[in-house]
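Here is a short report on helix packing, a chain contact and a sheet. Read it alongside the model.

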Amino acid sequence: MDLLGYGAFFLTTALIFSLVTLGLNLQWGLTGLFNVGLAGFVAIGAYTSALLTTPDDAARLGGFGLPILIGWLGAMIVGGVAAALTGIATLRLKSDYLAITTFGVAVIVQLVALNAQKLTGGPFGIGFIPRPFGSLAETPLLFNLSNLAVVSAVTLIAYLALEHLSRSPWGRVLKALREDERAAISLGKSARFYRVQAFAVGGAIMALAGALQAHFTGFIAPDNYLPILTFQVWVMLIVGGSGSNLGAVVGSILVWAIWVGSGTLTSVLFPPEQQARAASLQIVAIGVMLCIILLLRPNGLFGDRPLHVRFGKQAKVVAGESSPGS
Amino acid sequence: MSETIERQDEIRAAVLAAKNVVRRFGGLVAVNDVSFDVWPGEILGLIGPNGAGKTTMFDLLAGSILPTSGDIFLNGVQVSGEAAHRRIERGLGRTFQIPRPLPNLTLIENVMLAAQGQAGEKLLANFLAPRRVAAEEKAGEKKALELLELVALTHLAHEPARVLSGGQRKLLELSRVMMADPAIILLDEPAAGVNASLLEVIIDRIRDINARGITFLLIEHNIDMVTRLCHRVLVMASGQLLCEGTADEVARDPRVIGAYLGGAA
């Protein structure tokens, strides 16, 4: 019974990661936007929903005691707007420059969460975030299974919606921008407009994931949103296969299993005084797994495009572009 | 005064018109005070030695870059400051000197992408009006297949575009740009790097498409192709328009010969 309960808890967390990865897949896998600041959007979602739904607290702004669903909706809106603004601010940036900028956004969000005590509770975070099935907390199994049911439903809806979109003409435009922005523009597609949309929709999904997580743990703090979160999600997408929504979900579950498994293993194998250092082995385990996957299946488990060919073509196109024309 | 009015009438009748277009890159004047008209239904050639400013002129016409001064008119409408993606909506399609297929999209996706005003390209329409989107997609697919048939690529319709040879990529670009129902197509060196038999196919297809009433402006170094296809030829050298006429006329023009031999203008 305990194992079942733990399994449900594990899957809940893994599926919340899946949701973040699905958001990233829309931005990177489909559109080619190098967002390494996703932890920031997850944090924005978590804090927004926490502020909206927690009971009134004299020490900080709010909480407003609103229903949980309003909190989730609010998280998506604020996360989507923040991502859209990031998209607008970075319209002219590509690849590595975009990466550095989005990374900066995440660092800023995390620092605001840490220091704006009146808004976010500062380093102490926000507690007493209402749980959807708080009344069931007495029976952990039921509580965990209910949580899993809700997260599964949300993830399934997001998955189906994103699948529908990636096969739609809208998704086709995003893929075209990923492949060759100039060609897509010559065919009448506004690169700017679609980039901002991909940022916004992806950011909203990430924020929703942050909100879900906040409501299942009941407590959030700035430390939850460090760059390691971004790293984990990127590994999940790469392992699952960039461009594939199914890959995003499967990759998340797999990587989370390795993360948790290696954590358990180190806690068993190492004496207590070595635990803190041994925890780094988790990151090593993930790194090794990433290397193996990239060697055996460079496109990830379900990737939709051969990366080496893509990069080869891009190199050629760039070379062609810089050659003097007539 | 009457000259100005005459010029304005010409601009109105032309599919595409350039008026005193200048483009500087730092100290280099890549296009220097170039004016010309492209008449409905014609195939107009644009030739000149390397570095003459032909591709820059194309980029200016297509909106990839904006002119330093001067105006560009598309079907009589001033479009000089308009972004590239807006110009294809107005009927100006282009292909590239080095073809730009979307390598990991299938051929049919490549072509379907180019249709203008698709409802399904709006995010919410995919959820709010799925039937309309599906109906448009079906019609788009049918049209895309017809266009792929026109360039004899139907058998590869569901393959990713990266499998195509250089010449096939040019044909794909041609069918793709046709999907947008353009009034005029700018072709940047359609013959470059294409083998002789495929070149015949490309020439035939351009003629077929032209017979449907679509105007062409093409940059080409292959003089044989220019002679066979173009009704009229413009010659550029050192950023300026040197002369215009039929292919035979410009080939005999001593200024043109001088430009090609290095003693430009």
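How many residues does the contact take from chain A and from chain B?

## The contact between chains A and B

The model is predicted. In it, chain A gives 29 residues to the contact and chain B gives 35 residues. On chain A, four helices each supply at least two residues of the side that touches chain B: H6 (140-166), H7 (169-179), H8 (181-186) and H14 (307-322). H7(A) holds the largest share, with seven residues.

## Annotated segments in chain A

An unreviewed UniProt entry places "transmembrane region" features on chain A at residues 6-26, 33-52, 64-85, 97-116, 141-162, 193-212 and 276-296.

Two of these can be set against the model. Residues 141-162 of chain A are 100% helix and 0% strand, with end C-alpha atoms 31 Å apart. Residues 33-52 of chain A are 75% helix and 0% strand, and their end C-alpha atoms are 30 Å apart.

## Helix packing in chain A

Two packed helices are described by the angle between their axes and the distance between the axes. Take helix H1 (residues 2-30) and helix H9 (residues 191-217) of chain A: their axes come within 8 Å and cross at roughly 170°. An angle over 145 degrees counts as roughly antiparallel, and H1(A) and H9(A) are therefore roughly antiparallel to each other. Residues of H1(A) in the contact include Ile16(A), Leu19(A), Gly23(A) and Leu30(A). Those of H9(A) include Phe199(A), Gly203(A), Met206(A) and Phe216(A). By class, this contact has 16 nonpolar, six polar and no charged residues.

Helices H2 (residues 38-53) and H4 (residues 95-115) of chain A have axes that come within 7 Å and cross at roughly 35°. H2(A) contributes Ala39(A), Gly40(A), Ala43(A), Ile44(A) and Tyr47(A). H4(A) answers with Val105(A), Ala106(A), Val109(A), Gln110(A) and Ala113(A). The contact of H2(A) with H4(A) has eight nonpolar, two polar and no charged residues.

## The sheet in chain B

Chain B has an open sheet of six strands in the order E6-E7-E8-E3-E9-E10, with mixed pairing. Strands E6 (92-94) and E10 (240-245) of chain B stand at the edges with a single partner strand each, so one side of each has no neighbour in the sheet. The twist averages 20° from one strand to the next.

Strands E3 (residues 43-47) and E8 (residues 215-219) of chain B pair in the parallel sense over four bridges. Leu46(B) is opposite Ile219(B) of E8(B). Helix H11 (residues 254-261) of chain B lies across strands E9 (232-237) and E10 of chain B, and runs at about 135° to E10(B).

Key: Residues are numbered from 1 along each chain as its sequence is written. Chains are lettered from A and ligands numbered from 1 in the order in which they are written. This is a predicted model: local features need pLDDT of at least 70, side-chain atom pairs count only at pLDDT 80 or more; totals for chains, interfaces and linings use all residues. Axes are lines fitted to C-alpha atoms, for helices over the stretch in contact, and angles run from 0 to 180 degrees between N-to-C directions. Angles under 35 degrees count as roughly parallel, over 145 as roughly antiparallel, 65 to 115 as roughly perpendicular and the rest as oblique. Two residues are in contact if their C-beta atoms, placed from the backbone, lie within 7 Å. Ala, Val, Leu, Ile, Met, Phe, Trp, Tyr, Cys and Pro count as nonpolar, Asp, Glu, Lys and Arg as charged, and the others, Gly among them, as polar. UniProt positions are given in the numbering used here, feature names are shortened, and annotations may be inferred rather than shown by experiment. Two strands pair if DSSP finds at least two bridges between them.
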